[in-house]
Amino acid sequence: MAWGLLLCSNLTAPHLHPSSALPSQILLHGCFRGTPAAWRSRRRPTISGRSGGFLLGRRLPFRGPAPCTVKKGNDVSPAEGWPSRRMLQAALWAAEAVYILWLFLLPYAPQGDPVWAIKLDTINDIAGLSLNFFFILPLLNTVGIHVLEAPVLHPMAEGLFNFVIGWTLLFAPLLFTDCQRDRYKGSLDLLWGFQMFLTNTFLIPYMAMRLNDIDVKHSPSKQSQLGLLMTNGASFVGIAGGTVCLISTLWTIFGRSNMGFGGIADRWEFLERYVGSERLAYAFIWDICLYAIFQPWLIGDNLQNVKKNNEQIVRNLRFIPVVGLVAYLLSLDKENVL
């Protein structure tokens, strides 16, 4: 009898015709066949935005977060069709293989050394950047608090590092409210933690696995404590992450201005050398490029999570790095995702 149950997915949404009398934002949990007139002559299904679905006219209990809503028009994801979804998955897995091989393992990249031949200078740079995480130590030192002295690094390196980390923070509530997150069977807590404190390597497989076929035997998982914290605090996360990214941008231009790092031209010249000689910086540029692709993709698939009056704004801003993600978090309708 499982054929009577329809879970909302990218494969089914495009087949619902907009001429239907059903509102586009209502979640459909049943499979309709025939014309609208024929529907009225059959047993009436249950339609709900927050509750469970129906199976042959009987109501099913709600067992997890609401699935995706029906998409229409420009909201349809590029991964809707089966062939394109499979091609996207193949491209993502290929990107993951290139990322690991080129950035971590092979010695052929023109920037720095692979992970198995990493030099002590690189390790020291990573440790120094980590100590200056979110500029906490440098800012404390600036206001006269010297419990621990911040390592003095080039502001371009510090700005690039913290910009990527701040953007990664913003991705947390987006991942925990992603309507396709249950297709990823692992722990989102671990995935985002590794993404935050290691590399973007872990986000690429998630983007591939969220395109898997729906497992009708799999019950949607409950939100973890971290997921609830990030979702309930989405506005705070948006403000904090956006502020870090803004400070990072300003820091690259004006940070440590009295320490001889030069003006904008000198700093830009350093950035070119830094990216061209240090594999860590080279990886950050890769991360920024991938985030610029994944951000509008994920937001576009989850516009139903946004407050109705802000939906058009988020739709338009989602292509702007960081800004679109901040707009999504500030406009999140928590009643739809909790």
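H5 and H6 pack with their axes 9 Å apart, at an angle of about 165°. This is a predicted model, in which local features need pLDDT of at least 70, side-chain atom pairs count only at pLDDT 80 or more, and totals for chains, interfaces and linings use all residues. Residues are numbered from 1 along each chain as its sequence is written, and side-chain values use heavy atoms, with hydrogens and water left out.

Q: Why is H5 called roughly antiparallel to H6?
A: Angles run from 0 to 180 degrees between N-to-C directions, along lines fitted to C-alpha atoms over the stretch in contact. Those over 145 count as roughly antiparallel (under 35 is roughly parallel, 65 to 115 roughly perpendicular, the rest oblique). The angle here is about 165°, so H5 is roughly antiparallel to H6.

Q: Which residues are closest to the centre of the largest pocket?
A: The pocket holds about 740 Å³ of space. Of its 33 lining residues, the closest to the centre are Phe104, Ile126, Leu198, Thr199 and Leu280. Lining residues have an atom within 4 Å of a point on a 1 Å grid; a pocket is an open set of points where a 1.4 Å probe fits, with protein on both sides within 12 Å along at least five of seven lines.

Q: Which element gives the most to that lining?
A: H11 does, with six residues. Helices H2 (82–105), H3 (120–131), H5 (155–176) and H6 (188–197) are among the others that give two or more.

How values were computed:
Grid points are joined across faces, edges and corners, and a volume is the space filled by probe spheres set on the points. Helices (H or I, at least four residues) and strands (E, at least two) are DSSP runs, numbered from the N terminus.
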